[in-house]
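Biologist: Could we look at this model together, going slowly, one question at a time?

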Amino acid sequence: MGKPKVAIHSITGCAGCQLTIYFIEDVLLDLLSKIDLVAAPMIQEKNSKGPYDVTFLEGSVSSQEDLLRVKELREKSKVLVALGTCSSYGNIQSTLSYHKNQKDIPKGIYKTTSHLKSVESSSVDKHVKVDYYIPGCPPDKTEIATFIKDLLLGKTPKAYSKPVCFICNLKENICLLDVGKECLGPVVNGACGALCPSNNHACTGCRGPLDDLNYAAHKEIAKSKGVSGELFKQRIIKYAPKKFEELVKKL
Ligand code: SF4
Ligand code: SF4
Ligand code: SF4
């Protein structure tokens, strides 16, 4: 089999996820000898319009243009990977739908809004089938590298499923909840290797809630540490409102 044709594309996002791939210096050169990077508009001038074997797609669907683009990329890609929290869960821009003055937000930013072709911001899988998810804002570079290696070896990449606390405890960090910081480590997927608490910052939940989130139990734990229930809810929905809603419905 020849080298897989890989594309890295972006819709509405900040480009941080793509940059994470380009900054995996230690493995990128090795990977480039094993894949055919046929489209990466951020770093190269000539880009194939497809078809692709694997497409990494960064960003949320936030405009009519994004909507057409995700449908086109889905048709052209054998494997479509949602790269980052915007693409996987919608991220903060989709949480704006909770804002009571949501429709007025653009008016506070732009002089005129008639040029905007916005749609309610959402994850990519609201519109097309996604084969794999690599959440994180931005995602962890080791996880991306492992994902690509697994695909090259013909393995099915496995989603990480342990909380941030798991790695945090292995690293023997002081628990930030115990010193009054609102850490979401117990309820957030921890493939980042507990990056924030290992640097004395509370986890804000950028990888989204765990698949088996026990919302009620953890809300009580947060409350016992002085975090209000409403604040806990705001924090936990911030990056992944739709996923959060699905999990809470199961309670
Ligand atoms: S997930 Fe975060 S880093 Fe990636 S595009 Fe969205 S905002 Fe940027
Ligand atoms: S600091 Fe945060 S991630 Fe670490 S053990 Fe405490 S709650 Fe969990
Ligand atoms: S510790 Fe939390 S906020 Fe920090 S990178 Fe990991 S999941 Fe994201």
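**Domains and overall form**

Modeller: This is a predicted model, and its protein chain is divided into domain 1, which covers 5–152, and domain 2, which covers 164–249.

Biologist: How many residues does each domain bring to the contact?

Modeller: Contact here means heavy atoms within 4.5 Å. Counted in that way, the contact takes 15 residues from domain 1 and 13 residues from domain 2.

Biologist: What radius of gyration does the protein chain have, and why does it agree with a compact globule?

Modeller: For a chain of 251 residues, a compact globule would have a radius of gyration near 18 Å. The value for the protein chain agrees with this, because it is 19 Å.

Biologist: What share of the 251 residues is buried?

Modeller: A residue is called buried when its relative accessible area is under 20%. Among the 251 residues of the protein chain, the buried ones make up 43%.

Biologist: What share of the contacts with a separation of 6 or more joins residues 24 or more positions apart?

Modeller: We take the contacts in the protein chain with a separation of 6 or more, and ask which of them join residues 24 or more positions apart. Their share is 74%.

Biologist: How many helices and strands are there in the protein chain?

Modeller: Counting both kinds of element along the protein chain gives ten helices and seven strands.

Definitions and conventions:
Residues are numbered from 1 along each chain as its sequence is written. Chains are lettered from A and ligands numbered from 1 in the order in which they are written. This is a predicted model: local features need pLDDT of at least 70, side-chain atom pairs count only at pLDDT 80 or more; totals for chains, interfaces and linings use all residues. Side-chain values use heavy atoms; hydrogens and water are left out. Helices (H or I, at least four residues) and strands (E, at least two) are DSSP runs, numbered from the N terminus. The radius of gyration is taken over C-alpha atoms; the globule rule is 2.2 Å times the number of residues to the power 0.38. Buried means under 20% relative accessible area, exposed over 50%, partly exposed in between (1.4 Å probe, protein chains only). Domain bounds come from an automatic or database domain assignment.
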